[in-house]
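Trainee: I have a model open and would like a close look at one single part of it. Could you walk me through one residue and then set it in its wider context?

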Amino acid sequence: MIMSKLLILLLNLGYINVLADEEGAVGSNFCADFGSTLRLVSISILIVRILVPLLIIIMGTFDIYKSVTSGKADDLKKQMITFGKRIIIGLMVFFLPSFVNLVVNALDDSPSDYKTCLSCISSPSNCPKSNNK
């Protein structure tokens with residue numbers, strides 16, 4: 001029930017007017033049409049990029065504290081390996097959007113609408129205002 005309401009909310013946030021008008025073809029201003037939805041995706045990515053390192057630090061501190069207080073050297077070694085894996089995964093999550101943006105910019109130098117979308121997803125302040133009517 002909650003998932004269906006969330007889906008309906010997300011679909012309503014991305015509503016655009018699909019009727020063709022004198023401004024041009026439908027979809028010619030894709031990023032401007034979906035500006036509010038792209039801004040929501042951008043803010044979600046930003047929140048994940050902040051929460052993942054915090055969760056890694058909190059979980060790692062708690063796990064290492066438990067293994068130190070238990071007094072077993074093997075537990076501490078296992079927790080340090082787990083903490084190292086979490087840090088690597090956290091770095092991948094943190095740098096993935098930047099890496100995708102870098103690859104797309106390196107492959108195509110021409111100014112395109114999708115580059116505007118990618119810059120919007122990278123930073124919420126780069127999102128164009130929505131043209132919803």
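Mentor: Happy to! Let's take Cys127: setting aside neighbours within four places in sequence, Cys127 is in contact with Gly35, Leu38, Arg39 and Cys120. Bear in mind that this is a predicted model. Cys127 sits in the segment after α5, the helix that covers 113–122. Its relative accessibility is 8%, and because buried means under 20%, Cys127 counts as buried.

Now for the wider setting. The protein has five helices and zero strands, giving the pattern α-α-α-α-α along the sequence. Of contacts between residues at least 6 apart in sequence, 65% join residues at least 24 apart. Buried residues make up 17% of the 133 residues, Cys127 being one of the buried ones.

For a contrast, look at Ile47, which lies in helix α3, residues 35–70. Ile47 has 44% relative accessibility, so it counts as partly exposed. Ile47 belongs to a nonpolar surface patch of about 800 Å², together with Ile43, Leu46, Ile50, Leu51, Leu54, Leu55, Ile58 and Met59. As for the surface as a whole, the accessible area of the protein comes to about 9,700 Å², and 72% of that belongs to carbon and sulfur atoms.

Note on methods: Residues are numbered from 1 along each chain as its sequence is written. This is a predicted model: local features need pLDDT of at least 70, side-chain atom pairs count only at pLDDT 80 or more; totals for chains, interfaces and linings use all residues. Side-chain values use heavy atoms; hydrogens and water are left out. Patches are made of residues with over 30% relative accessible area and no salt bridge: like charges are joined within 9 Å, nonpolar side chains (Val, Leu, Ile, Met, Phe, Trp, Tyr) within 5 Å. Accessible areas come from the Shrake-Rupley method with a 1.4 Å probe; for residues, only the protein chains shown count as cover. A salt bridge is a side-chain nitrogen of Lys or Arg within 4 Å of a carboxyl oxygen of Asp or Glu. Helices (H or I, at least four residues) and strands (E, at least two) are DSSP runs, numbered from the N terminus. Buried means under 20% relative accessible area, exposed over 50%, partly exposed in between (1.4 Å probe, protein chains only). Contact means heavy atoms within 4.5 Å.
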